[in-house]
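Welcome! Let's walk through this structure together, one pair of residues and one region at a time.

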Amino acid sequence: MLIADLRSDTVTRPTPEMFEAMQVAGLGDDVLGDDPTVIELERLAAKLVGKEAAVFVPSGTMGNQMAIATHTKPGDAIIVEEEAHVIFYEVGAPAVFANVLTWTLPSDRGVMDPAEMRRRITKRNIHTPGTTLICIEDTHNRAGGTVIPLDVLAEYRKVGDEFGIKIHADGARIFNAAVAQGVHVSEITKHVDTVNFCLSKGLRAPVGSILAGPAEFIDAARFWRKRLGGGMRQAGILAACGIISLTKMVDRLAEDHARARRLALELGQLPGISCDPDANPTNLVMLNTEKLAADWAAALHAKGVWAMPAAANRLRLVTHADFTDEHLEFALGVFRSVVI
Ligand SMILES: *Cc1c(COP(=O)(O)O)cnc(C)c1O
C-alpha cells in the first residue's frame, strides 16, 4: 500500500547521490577541527547566507539554543514570537541553558509588529532586565509556513540597530521562504546577525543544521556546541549530504510549495475542513477541522495518509521531496473517502 507521509519534511530520506557522497567523503575529526568535508560545508553555508562563518550542528534545536546562549547573558530578556519553535518545541531550553527570560509577542501569522517590538524592549537598570536579543522565525512553523516580508525584516533591523540589539533568525525552513519570495536567501539573512537553518528538512540531508554569523560569534558558539554534547567526530559523512542539500536541493522546493497549494485548495473544499491557501505560502498546510484533528489523523492513518495535529482543531500537512504527484493524488482521494 502507498503511504503518503505528510507528518514533516524531516522524513525525507537521503538521495542515492547523498549515499554515494557519504562513501567517498574526505573525513577527519571535527572536534579536533580537521574534517575537510565539514570545513567545506561550513564555508559553503556561510557564503550562501552572506555571513563570515558557520558551524555544523546536529539539530536545529541545538543551533538555536547555541545562538541564544551566545548572544545573551543570564538574566537578559529576549523578544520572541509567542508560538515560536524556540519556546514552543525546544522544551524550555532558553530558561535552562541561556538562563534568559522571554518577552513573548503576538503576531499576525508569525509576523510580529515592529512597533510592538520597540515598545516591549526593556533597558537594563536596577528594576528591569536588559533586552539583548530578538528572535524571529522564517518560515513560521506554527503559523503554517508563513513568510516574513522583506520590508518587515528591514524594520526589525532598524529596531535592532536603534537599541543595539542583535537579531537571530530561526530559519529552519529559510530556503522555503527565499523560494516563495523568489529571492536569494541572502536577501533575507542580510537583515539578521545570525541564522540557523536545517539541512535535514526539505533539503533532504539525513541529519544536521547550520548556524551562521560573524566569525567571532561562531567561535564562541562552538563552545556551546561542545558543552551541549554536539561535538561530532567523522561528521564529514553527514556534511557530504549537506553540501548536496545546499547545491542541488534548494530550487526544487518550489515543487513542494505547488503540491502544498493543491492540498490547501482542494482539501479546503471538503465538508468539515477549511483552509486559506494564501495563509500557507510554502510547504506547510494547516487545515482547520470542525471535528478533532486527532480523529482526522487516526482515520487518515488507517488508510495510509499520515499527518499530525498542530492543535485540537488544526491538522498539519507538510509536503517534501518524497511526497510526489502520485502521493498527492492518493492523499486527495483518501481525504475524500474518510468519514469522521
Ligand atoms: C524543525 C525546526 C527547528 C529545529 O528542529 P530540529 O528537529 O531540532 O532540527 C527549529 N525551528 C523551526 C521553526 C523548525 O521548524
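Start with Arg109 and Asp276, which form a salt bridge whose closest N and O atoms are 3.3 Å apart. A salt bridge here is a side-chain nitrogen of Lys or Arg within 4 Å of a carboxyl oxygen of Asp or Glu. Before going on, please note that this is a predicted model, in which local features need pLDDT of at least 70 and side-chain atom pairs count only at pLDDT 80 or more, while totals for chains, interfaces and linings use all residues. Residues are numbered from 1 along each chain as its sequence is written, and side-chain values use heavy atoms, with hydrogens and water left out.

How many salt bridges does the rule find? The count comes to 23. Another of them joins Arg225 to Asp30, again with closest N and O atoms 3.3 Å apart. Arg225 sits in helix α10 (residues 215-227) and Asp30 in the loop between α1 (16-24) and α2 (36-48), so this pair ties together parts that are 195 residues apart in sequence. Helices (H or I, at least four residues) and strands (E, at least two) are DSSP runs, numbered from the N terminus.

Now step back to the domains. An assignment, automatic or from a database, gives domain 1 (16-248) and domain 2 (252-337). Their C-alpha centres lie 28 Å apart. Where the domains meet, 17 residues of domain 1 are in contact with 17 residues of domain 2, contact meaning heavy atoms within 4.5 Å. Together they bury about 1,400 Å², 52% of it on carbon and sulfur atoms; buried area is the accessible area (1.4 Å probe) that two parts lose on being put together, summed over both. Arg142, Asn176 and Arg204 supply 30% of the area that domain 1 buries against domain 2, more than any other three residues. Two salt bridges cross this interface.

Most residues other than glycine have a negative phi, and most peptide bonds are trans. Which peptide bond is cis, with omega near 0 degrees? The bond from Asp138 to Thr139 is, and Thr139 lies in the loop between β5 (131-137) and α7 (150-163). Val91, although not a glycine, has a positive phi of about 55 degrees. You will find Val91 in the loop between α4 (85-88) and α5 (93-98).
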